[in-house]
Amino acid sequence: MLEARGVWAGYGAEPVVRGASLCVAPGERVVLVGRNGSGKSTLARVLNGSVRPRRGTLVLDGAAGPVRTELARAVGFVRQDPRNQIVSALVEDEVAFGPRNLGLAREEVSERVREALAATGLSSLGGRMTSELSGGQQQLLAVAGVLAMRPRYLVLDEAGSQLDEATRARLADIVDALLARGVGVLEVAHAPEAVFGATRVLVMSEGTPVCAGAPRDFLGSEELLVRSGLSDDALAWAVHEGVRSGYVPGRRLDAGALAEHLSGEADLEGRDGFFAPRAVACAPAGPSVDLRDVSVTYGDVRALADVSLAVSGVTLLLGVSGSGKTTAGRVLAGVQEPDEGEAALDGRPVVPGDVGLAFQRPEDQLFADTVLDDIAYGPLMRTGDAERAHEAARRAAETLGVGEELFEQSPFELSGGQMRRVALAGVAAAEPAAYVFDEPTAGLDAPSRRALLELVRALASGGAAVAVITHDAGEWLSAADRVVFLRQGSVTAEAPAARALAAPELFRETGLRPPALVELRALVGRDRD
Amino acid sequence: MTRPGALGGYVRGDTPVHALDARAKVAALILATVGSFGARSWAGLALMGLLLAGALAASRTTPRAVLRGLRPALVILSFSLLANAVVLVGQPGISWEGLLRGARAVVRIALVVGLALVVSSTTTPPALAEGLAAVMAPLRVVGVPVGGVSTALSVALRSIPLTMEEIERIRCAQLARGARLDAGGVVGRLRGWGQVLVPLIVGLFRRADELARAMSDRCYTGEQTSMAGPLALRDGLVIALFAVGAALALVLW
């Protein structure tokens with residue numbers, strides 16, 4: 001049993017974990033949910049010893065106050081971003097890192113590497129360079145590196161939040177196999193799918209995990225969903241409606257069984273109908289950014305092959321990792337020269353600065369000394385007039401909820417959520433006619449995801465064309481006008497969002513696993529017809 | 001995302017040189033360096049050239065790749081050739097003796113660059129790090145943390161593609177905000193790159209911090225099981241070959 005008793009911990013002056021107690025028994029899967037900044041990750045790190053608690057004790061298999069190396073050896077830890085976890089340039093060597101640190105004999109190390117690669121389905125990639133792997137494969141590699149240490153407990157800190165649905169499912173299978181072998185698992189998650197099959201659900205609330213019972217109890221309680229933030233998640237709310245009409249959550253989310261307990265499409269539209277699909281517009285008015293016969297090649301890899309597509313209103317670009325969607329986004333934004341073809345904004349070639357570009361990590365786009373200067377940078381470059389630039393910056397700051405008290409701070413001193421708002425304000429301040437958002441919601445909790453959906457909708461109603469590249473198609477579909485599916489550098493399908501959100505076959509044809517909301521909508525719609 | 005490998009970066013393959021133990025390759029490279037710089041005659045240099053030709057053939061590296069590898073040093077090399085050849089003091093003119101002396105220096109450098117290229121393009125970064133650690137092992141006696149140095153090298157080699165990716169992303173984000181990174185003469189360009197450096201360095205520090213945590217999460221303390229097995233016969237033969245070659249180069253008159 002891995003146990004925390006009355007733990008206080010945190011990095012700043014104010015501890016974020018306040019008197020937390022929890023336990024994970026062998027073979028149990030405990031899921032911890034809660035909002036961004038609620039202290040989930042800090043608590044997770046206390047459990048594997050990488051954050052030392054200020055007060056309180058840890059108990060590992062009966063022994064109180066285990067030393068750091070003992071904890072690290074017994075409790076494996078997988079992060080959200082595998083790039084921060086992978087140490088070596090070579091796949092095999094990466095997996096061997098842990099066992100080698102344990103001082104195991106060479107044959108034993110090799111044996112464990114083989115075993116861990118097989119368990120994660122990476123056996124054929126042992127001799128590859130880690131940088132050659134896709135994001136999903138890198139995360140599975142990070143898991144393999146932890147498995148090779150044969151931990152008795154495993155902590156997954158939002159390990160699935162940057163993965164596509166297929167890789168998430170694979171990760172869930174790996175975890176199931178570990179549970180069957182008696183490994184105890186603590187999973188920190190934002191996605192409602194993670195709750196299924198949990199032994200227990202905990203909601204992080206005011207620095208303490210509160211036991212919310214079995215998945216059925218948690219998903220059936222509006223109050224607990226609100227507290228965890230998941231009441232703002234369309235899928236979680238659909239499951240909630242299902243549970244209230246008698247749906248019993250199984251080991252995995254089963255769209256067929258859930259659909260039988262849903263009364264209609266209204267159940268898929270969120271607590272207050274926010275996720276209702278948009279009325280079918282013939283063609284969204286306003287500007288459009290297009291790719292015309294664009295080809296891009298990296299070395300001998302063809303990232304985009306003769307792609308033509310149009311972005312107007314809110315357009316989603318969907319595809320498995322490596323399908324070329326990120327490259328398409330960069331060409332659309334005018335920051336990458338295609339080998340052939342061109343990007344055009346309302347018929348004119350795009351030049352850098354015409355199209356706003358926002359990435360998942362806000363750190364990548366901030367650089368000025370103060371928040372206000374950073375937000376004003378885009379308009380300043382555009383107009384060359386400092387006064388007008390600052391005016392535009394103040395407007396954008398207000399729209400995005402960046403308070404005036406932050407204006408003179410360095411953008412790098414802000415919290416994650418504030419930094420994200422500043423970065424978005426910096427993109428919006430120049431008032432470009434079009435935007436590209438690359439994985440904007442990965443790793444965000446449900447209320448922040450919803451706020452971002454609202455922002456993007458507001459930009460589109462203000463007349464901008466917005467391209468959104470995302471793994472989380474389920475929620476975005478309700479905010480979108482059009483969807484473009486990419487596979488291996490080519491467009492495989494284009495559809496109005498109103499059609500795509502009830503058409504799982506479009507996803508399958510592109511090699512994607514359809515989001516649960518899409519499956520549900522197809523099933524619920526069919527029952528009604 | 002796969003990008004074309006940088007010059008000298010590891011290239012997957014199944015040549016005899018790929019199959020050699022990294023320790024043997026590093027040792028051979030050191031011996032060849034001693035041989036090339038210590039050779040007293042053209043005959044000695046020719047012998048080292050023969051070894052290089054053998055290594056290039058066995059690793060299927062083209063001589064063109066070696067020339068590309070020499071390109072960054074081209075200016076300095078041609079300057080040293082000229083400086084040796086041109087006589088300004090006394091009776092100005094071209095000194096053949098000087099030219100030969102300069103040519104010899106250039107040949108020595110070309111030999112070493114060629115062999116280093118063969119080693120780095122046929123050895124994976126972690127194997128290279130371990131090979132260097134093995135060769136440095138005697139320094140343990142004087143207190144050098146050889147295991148730590150080897151891990152640091154391995155992590156550094158791993159970070160190169162990550163850092164390149166990061167620079168590219170930051171540049172894209174700034175270009176999209178209207179930054180003109182390549183405009184405005186030398187000063188403008190320098191300022192532009194400074195702007196990229198700020199988030200890059202902040203990002204790298206954060207990443208380094210997180211990576212250090214990830215390493216101690218996996219019980220890293222500094223010492224690791226060596227994954228290198230006993231040297232095979234062919235590894236011994238290669239070391240012996242280079243040892244004899246280097247010795248001959250040193251004594252050939």
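**Exercise 1. Strand pairing in chain A**

Task: Which residue is the bridge partner of V31(A) in strand 8 of chain A?

Solution. 
- Step 1. The bridge partner of V31(A) is E187(A), in strand 8 of chain A. Keep in mind that this is a predicted model.
- Step 2. Strand 3 of chain A covers residues 29-33, and strand 8 of chain A covers residues 184-188.
- Step 3. Strand 3 and strand 8 of chain A pair in the parallel sense, over four bridges.
- Step 4. Recall the general rule. Strands of a sheet pair through backbone hydrogen bonds, either parallel or antiparallel.

**Exercise 2. The sheet and its helices**

Task: In what order do the six strands of the open sheet in chain A lie, and which are the edge strands?

Solution. 
- Step 1. The order is 6-7-8-3-9-10, with mixed pairing.
- Step 2. Find the edges. Strand 6 (75-78) and strand 10 (208-211) of chain A each pair on one side only.
- Step 3. Helix 6 lies across strand 3, strand 7 and strand 8 of chain A. It runs at about 150° to strand 8 of chain A.

**Exercise 3. Helix 10 of chain B**

Task: What span should the 19 residues of helix 10 of chain B have, and where do its buried residues fall?

Solution. 
- Step 1. Take 1.5 Å a residue. Helix 10 of chain B (residues 233-251) should then span 27 Å. Its end C-alpha atoms are 27 Å apart, which agrees.
- Step 2. List the buried residues: V238(B), I239(B), F242(B), G245(B), A246(B) and A249(B).
- Step 3. Look down the axis. The buried residues of helix 10 of chain B fall within an arc of 130°, so they line one face.
- Step 4. Find their partners. These buried residues pack against helix 2 (22-38) and helix 3 (42-59) of chain B.
- Step 5. Turn to the face away from the buried side. There sit the exposed residues L233(B), L237(B) and V251(B).

**Exercise 4. Where the chains meet**

Task: How many residues of chain B are in contact with chain A?

Solution. 
- Step 1. Contact joins 43 residues of chain B to 56 residues of chain A.
- Step 2. Helix 9 of chain B gives the largest share of the chain B side, 13 residues.
- Step 3. Sort this side by class: 23 residues are nonpolar, eleven polar and nine charged.

Notes
Residues numbered from 1 in each chain as written. Chains lettered and ligands numbered in written order. Predicted model: local features only at pLDDT ≥ 70, side-chain atom pairs only at ≥ 80, totals over all residues. Helix = DSSP H or I, 4+ residues; strand = E, 2+ residues; numbered from the N terminus. Expected span 1.5 Å × (residues − 1). Buried ≥ 20, exposed ≤ 12 C-beta atoms within 10 Å, placed from the backbone. Arc of directions from axis to C-beta. Contact = placed C-beta atoms within 7 Å. Nonpolar A, V, L, I, M, F, W, Y, C, P; charged D, E, K, R; others polar. Pairing = 2+ DSSP bridges. Axes fitted to C-alpha atoms, helices over the stretch in contact; angles between N-to-C directions.
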